[in-house]
Amino acid sequence: MENPLHHFELHTLVPIRIGGLDLSITQGVVMMWLAVAAAFAVLFFPAARLKLVPGRRQSLVEMAVVFLRDMSVELIGKKGPVFLPLLAALFFFVLFCNLLGLIPGTFTATSQIFVTGALAVTAYFVSVGVGLKYHGLHYFKIFAPTGTPSWLVPLMVPIEVISHLARPLSLALRLFANMTAGHTILAVLFSLTVSLGIALGWLPFGFTVAIYLLEFAVAFIQAYIFTILTTVYIGDAVHLH
Amino acid sequence: MPQFDVHFLTSSVFWSVVSFAILLYLLAKYALPPVLKAIDEREQSIRQTINEAQRLKAEGETLIKEYEEKMAAIRKESQEILEGARLQAQRLLEANERETRTRAEKILSDAKEEIERETARAIRDVRGHAASLALAATEQILRKKVDDGDQRRLVEEFLRQLEAGKG
């Protein structure tokens, strides 16, 4: 049986080396570009094509945009829509990486911990930057919220710092683990199907189809979770709890 | 797991940040503004339409109210006119009846008077005629037996009797 983790391996397509850094184009990078292109193709309307009575694609896009906008208002407040481009870019980047990865024979960029890590750290830095911009150095009071008894401060600060630093980690791990797990299960079931042949292979194949549908839902759910948590973190930075 | 192979760390991190930044730029610059504008325009148009509809509804309601008030006034007026007409008709009818009755009574009384007059005249005529007849008869008889005093007396008695019957 083929190693089910084999298809997570990256391969250099175009070797690039700048300074001491390896910036080679891998199939993961190509998938990210495709995701960017697909997201833009779906979301972009030339002004003349936007109708007061929307068509199907416009309805869908508007629904998603309004959903994200309302979420930002609810979790961040009146300034929420300022972050809409960032949240939309996060949501659609993750969503299209997830969805394109579901096409058989392609590669799931979001199953790479370094990719999800880069996104999570970016989102985290944005939330910290927002906090510093809105509150200056007062932002660091979130590590010792007002009302904390002074004798608890030595305990509270490390706990708060750790929980704060756990945010990007959990963001990165959640997405990476979900994508990896789903695709591993699909790979295992499919290689079972192949090795069992027609006589028994229909059983794992049925599961493959079911898991595939589940993965389709997971693609949306994980993109949503990644975005809503980022929104929550930005909201925290704006409001300091 | 192949994902933890740090060989592609820099490439993955670099290109995912770059790809994400490109998408962020494309969405912020090109894709989102027109969509947000379209959403705002639609919201505005819906709000305007609702306001317009509410205004028209209020207008319609006042119109209906005015119309109903007018209708009520008209109904009342027509009722009054009808009532007046009925009263007038009744008055006319009563006057007519009274006039007819008095006229009929007059005709009746006139007729009665005429009849009485005619009757009286007839009686007078008959009496006159009877007297002359009696006179003529008397004359005839007298011409035959003029001398007979008894008979003259009889005639005179007869005449007296006639005279008495006249009353």
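# Notebook: a predicted model of chains A and B

**Entry 1. Starting at one residue.** I began with Thr138(B), which lies in helix H1 of chain B. The model is predicted, so I kept an eye on confidence throughout. I then looked up Arg152(B), which is 14 residues from Thr138(B) along the chain. Their C-alpha atoms are separated by 8.7 Å.

**Entry 2. Chain B as a whole.** I listed the secondary structure of chain B and got two helices and zero strands. Next I looked up its extent. The C-alpha atoms fill a box of roughly 200 × 30 × 20 Å along the principal axes. How does the radius of gyration of chain B stand beside that of a compact globule of 167 residues? The globule would be near 15 Å, but chain B has 64 Å. I also looked up burial: buried residues make up 8% of the 167 residues in chain B.

**Entry 3. Chain A as a whole.** I turned to chain A and noted five helices and four strands. I read their order from the N terminus as β-β-β-β-α-α-α-α-α. The C-alpha trace spans about 70 × 55 × 45 Å along its principal axes. Of the 241 residues in chain A, 36% are buried. I then looked up contacts between residues at least 6 apart in the sequence of chain A. Of these, 64% join residues at least 24 apart.

**Entry 4. Confidence in chain A.** I looked up pLDDT next. Chain A averages 90, and 99% of the residues score at least 70. Which element of chain A has the lowest mean pLDDT, and which the highest? Strand E3 (residues 21-22) is lowest, at 86. H3(A) is highest, at 95.

**Entry 5. Where the chains touch.** I looked up the contacts between the chains. On the chain B side I have 33 residues, and on the chain A side 43. I sorted the chain B side by class: 24 nonpolar, seven polar and two charged residues.

**Entry 6. The largest nonpolar core.** I looked up this core and found 64 residues. Those with the most contacts inside it are Ala35(A), Ala88(A), Leu90(A), Phe92(A) and Phe93(A). Which elements give two or more residues to it? From chain A they are helices H1 (27-43), H2 (56-76), H3 (84-101), H4 (113-135) and H5 (153-239). H3(A) gives the most, with 15 residues. I followed up Phe92(A), leaving aside its neighbours within four places in sequence. Phe92(A) is in contact with Ala39(A), Leu43(A) and Leu23(B).

Entry 7. I took H3(A) first. H3(A) has 18 residues and reaches 25 Å from its first C-alpha to its last, close to the 26 Å expected. How many of its residues are buried? I found 18 of 18, so I wrote "mostly covered".

Then I took H4(A). H4(A) has 23 residues and reaches 32 Å, close to the 33 Å expected at 1.5 Å a residue. Its buried residues include Ile113(A), Phe114(A), Val115(A), Ala123(A), Ser127(A) and Val130(A). Gly117(A) and Gly131(A) are buried too. I checked what follows H4(A): Gly136(A), whose phi is positive, near 60 degrees.

Methods. Residues are numbered from 1 along each chain as its sequence is written. Chains are lettered from A and ligands numbered from 1 in the order in which they are written. This is a predicted model: local features need pLDDT of at least 70, side-chain atom pairs count only at pLDDT 80 or more; totals for chains, interfaces and linings use all residues. Two residues are in contact if their C-beta atoms, placed from the backbone, lie within 7 Å. Ala, Val, Leu, Ile, Met, Phe, Trp, Tyr, Cys and Pro count as nonpolar, Asp, Glu, Lys and Arg as charged, and the others, Gly among them, as polar. A residue is buried if 20 or more other C-beta atoms lie within 10 Å of its own, exposed if 12 or fewer, and partly exposed in between; C-beta atoms are placed from the backbone. A nonpolar core is a set of buried Ala, Val, Leu, Ile, Met, Phe, Trp, Tyr and Cys residues joined through C-beta atoms within 7 Å. The expected span of a helix is 1.5 Å times one less than its number of residues. The radius of gyration is taken over C-alpha atoms; the globule rule is 2.2 Å times the number of residues to the power 0.38. pLDDT is the predictor's confidence in each residue, from 0 to 100.
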